[in-house]
Amino acid sequence: MSTVLIANPKGGSGKTTLATNLAGYFATRGRHVVLSDMDRQRSALQWLERRPYKLPLIHGLDGRGDHTGSLSADWNIVDSPAGLRGDKLSTAVKHADWVIVPMQPSAFDMGATRDFLQVLREEKSIRKGHTFVAMIGMRVDSRTRAASALQDFLAESGFPVLGNLRNAQVYALAAEQGASLFDVRPSQVSRDLQQWSPLLHWLVNASKRAAKQGGSHAK
Ligand SMILES: Nc1ncnc2c1ncn2[C@@H]1O[C@H](COP(=O)(O)OP(=O)(O)O)[C@@H](O)[C@H]1O
Ligand SMILES: [Mg+2]
């Protein structure tokens, strides 16, 4: 099982959007996916409740307890709440193979994320190379000054940058319907799908490498 924690203590940075779409992607690939929701607002689980039966199955889990031992999924996608820190953050990071940090191009987001990245760098399982961190820009309009400030910030972070997702209405529309971008007719979202490919390649290749090196990421 590969566990992907989506985290950024800043509310509205795009965690649930990233988590639900990632879960949707692996489900369309026929993988057994668990979407764990650590947020007591339950946005990811509510998305699942809206999900039509005809779409590829995703299992929901209240991720506030520690259920990781009992999971038998191919992919465990963990959505986390705003303000995640301290022991809860350390435990979630320890159980994750990857932490993906979504962030929006604003000074407020950069300030909050800078501090968070420093906390992540000090986490034991990240220092020891058991958990990997990567970044992704959310709602990025490439023509703006804010977007170029974000690119500088991401480049200086020292973590891999898995591209940017543009600001597109389809994310909100799909979310309303319990769908992901990968459940929409591809011709309607071709530009957005392209933007997902660095992230998806990175995850899939890393998970294949880990499997070759002797199975999943026992911690
Ligand atoms: N790439 C995007 N394009 C348009 N809207 C987006 C995009 N990413 C996120 N959003 C919107 O931004 C808002 C906050 O995103 P959300 O995923 O709920 O953040 P978080 O879970 O970090 O609080 C939501 O309304 C969501 O639909
Ligand atoms: Mg959320």
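Student: How do the residues of the lining of the largest pocket divide into nonpolar, polar and charged?

Tutor: This is a predicted model, in which local features need pLDDT of at least 70, side-chain atom pairs count only at pLDDT 80 or more, and totals for chains, interfaces and linings use all residues, while side-chain values use heavy atoms without hydrogens and water. A pocket is, on a 1 Å grid over the protein atoms alone, an open set of points where a 1.4 Å probe fits, with protein on both sides within 12 Å along at least five of seven lines; lining residues have an atom within 4 Å of a point. Asp, Glu, Lys and Arg count as charged, Ala, Val, Leu, Ile, Met, Phe, Trp, Tyr, Cys and Pro as nonpolar, and the others, Gly among them, as polar. The lining of the largest pocket holds 10 nonpolar, 18 polar and 7 charged residues.

Student: Which element gives the largest share of the lining of the largest pocket?

Tutor: Elements are DSSP runs numbered from the N terminus, either helices (H or I, at least four residues) or strands (E, at least two). With 4 residues, the largest share of this lining comes from α3.

Student: Which residues lie nearest the centre of the second largest pocket?

Tutor: Residues are numbered from 1 along each chain as its sequence is written, and chains are lettered from A and ligands numbered from 1 in the order in which they are written. The second largest pocket has a lining of 19 residues. Nearest its centre lie Thr-17, Arg-139, Tyr-171, Ala-172 and Ala-175.

Student: Which elements give two or more residues to the lining of the second largest pocket, and which gives the largest share?

Tutor: Two or more residues come from each of α1, α2 and α7 (169-176). The largest share, 4 residues, is given by α7.

Student: Which residues are closest to ligand 1?

Tutor: A residue is near a molecule if one of its heavy atoms lies within 4 Å of it. By that rule 13 residues surround ligand 1. The closest are Gly-12, Lys-15, Thr-16, Thr-17 and Arg-166.

Student: How far is an oxygen atom of ligand 1 from an N or O atom in the side chain of Thr-17?

Tutor: Polar contacts are pairs of N or O atoms within 3.5 Å. In one of them, a nitrogen atom of ligand 1 is 3.4 Å from a side-chain N or O atom of Asn-167. An oxygen atom of the ligand is 3.0 Å from such an atom of Arg-139. For Thr-17, the distance from a ligand oxygen atom to a side-chain N or O atom is 2.6 Å.

Definitions and conventions
Polar contact = N/O pair within 3.5 Å; in protein donor to acceptor, adjacent residues only side chain to side chain.
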